[in-house]
Amino acid sequence: MAEGVVSTATKIAEEQGLEEVTEVTVRIGELQQIEHEVFSFALEQLRTPVMKNAKFVLETIPGKLRCRACGKEWLFSPEALGDEVSEAIHFVPEVAHVYVKCPSCGSPDFEIIEGRGVILASIKGVKGSD
Amino acid sequence: MIDPRLEIIGKRLGKIGKIVAVSSGKGGVGKSMVAAILALTLRREGFSVGLLDLDFTSPSSHVILGVEGLYPEEDKGIVPPLAHGIMYMSITYYSLDKPAPLRGSDVTDAIIELLAITRWGELDYLVIDMPPGIGDATLDLLRLVKGISFLVVTTPSMVAFETVRKLLVLLHELGISIIGVVENMVMQPSRQIRSQVERIGQRYLGEIPFDKELEGALGDVERLMGTGFASSLKKIAGDVQQRLN
């Protein structure tokens with residue numbers, strides 16, 4: 001996923017004519033269960049020349065779920081799921097529908113309102129002089 | 001707000017020679033069997049092959065191949081394990097034997113996720129076992145996978161072929177490569193499906209007779225490859241290779 005962030009940010013920098021990227025903000029959904037330290041390390045390893053001095057800002061977005069059957073909203077809590085299930089959701093967040101049920105009516109038919117995926121939220125940089 | 005996964009899908013698939021989606025307009029026509037045996041046939045002919053089961057709500061290729069106790073390796077993404085020499089990827093590694101009730105938007109997200117994180121490396125062929133119909137999964141693959149070719153499966157029933165015809169027309173209108181049509185579960189000789197396929201300008205690749213031994217061979221690859229089904233598909237696989245080259 002870090003590869004996708006760096007690759008996308010580099011492409012945007014080229015498209016926008018940025019000479020240097022100074023800051024990249026990434027929003028990480030809680031369902032993805034990515035440790036900031038591990039993700040930062042991966043981003044550091046993948047830095048491209050245009051972002052050699054860029055600051056990576058990582059924000060976690062809490063997992064917010066809404067039942068389509070009864071309308072109940074609740075927060076995703078990976079602690080209750082166990083390691084094996086947490087790892088499965090980490091790789092493919094949609095398998096949350098296999099293991100998580102609405103706490104009110106028990107339905108697996110819920111919507112992930114927030115907290116899914118890794119999103120490149122913004123990049124800041126300095127434009128070239130031409 | 002940009003989804004960075006979309007940027008790396010092309011790279012993940014970039015070292016694959018040919019990508020073949022085994023598809024149909026309808027379920028129950030034997031897509032998974034054709035996809036699994038096609039992958040095994042190509043592997044036994046010396047090609048490097050991957051098999052991706054994209055039928056998330058009703059995955060079955062793991063049952064056909066008898067895949068148990070395997071799990072992908074995490075290494076800058078995930079690397080599918082080898083099942084009978086095939087790099088094999090399925091949502092069942094993560095959903096286990098439990099039902100995965102997914103709506104269309106979830107199917108789309110799961111497809112993007114698997115395409116973005118799976119590291120196939122260099123392959124001659126990637127065979128994709130598709131869910132039936134012309135819904136989200138088909139539209140997503142058309143959007144995300146460049147250079148994909150479709151191998152379409154029908155049965156002799158006009159009920160099945162009517163849905164297949166719509167799939168073929170859609171693919172043709174979109175300019176997508178169609179390898180041809182396989183007629184599966186043939187119980188008595190008839191030219192009906194062949195003539196219907198040819199009438200819409202597509203290629204009829206051949207028939208696979210109904211094989212009553214097939215069910216008993218599920219999960220046992222050696223027995224599967226000794227069935228009449230496998231020998232019929234072997235002839236068709238040769239044609240598939242020719243059409244793709």
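In chain A, 82% of the contacts with a separation of 6 or more join residues 24 or more positions apart; two residues are in contact when their C-beta atoms, placed from the backbone, lie within 7 Å. The model is predicted: local features need pLDDT of at least 70 and side-chain atom pairs count only at pLDDT 80 or more, while totals for chains, interfaces and linings use all residues. Residues are numbered from 1 along each chain as its sequence is written, and chains are lettered from A and ligands numbered from 1 in the order in which they are written.

Chain A has four helices and six strands, taken as DSSP runs numbered from the N terminus (helices: H or I, at least four residues; strands: E, at least two). Their order from the N terminus is α-β-α-β-β-β-α-α-β-β.

The radius of gyration of chain A, over C-alpha atoms, is 18 Å, whereas a compact globule of 130 residues would have a value near 14 Å; the globule rule is 2.2 Å times the number of residues to the power 0.38. Along the principal axes, the C-alpha atoms of chain A fill a box of roughly 60 × 25 × 15 Å. Buried residues make up 36% of the 130 in chain A (buried: 20 or more other C-beta atoms within 10 Å of the residue's own, all placed from the backbone).

The contact between the chains takes 22 residues from chain A and 22 residues from chain B. On the side of chain A that touches chain B, at least two residues each come from α1 (2-16), α3 (83-91), α4 (96-99) and β6 (118-127) of chain A. α1(A) gives the most to this side, with six residues.

Definitions and conventions: Buried ≥ 20, exposed ≤ 12 C-beta atoms within 10 Å, placed from the backbone.
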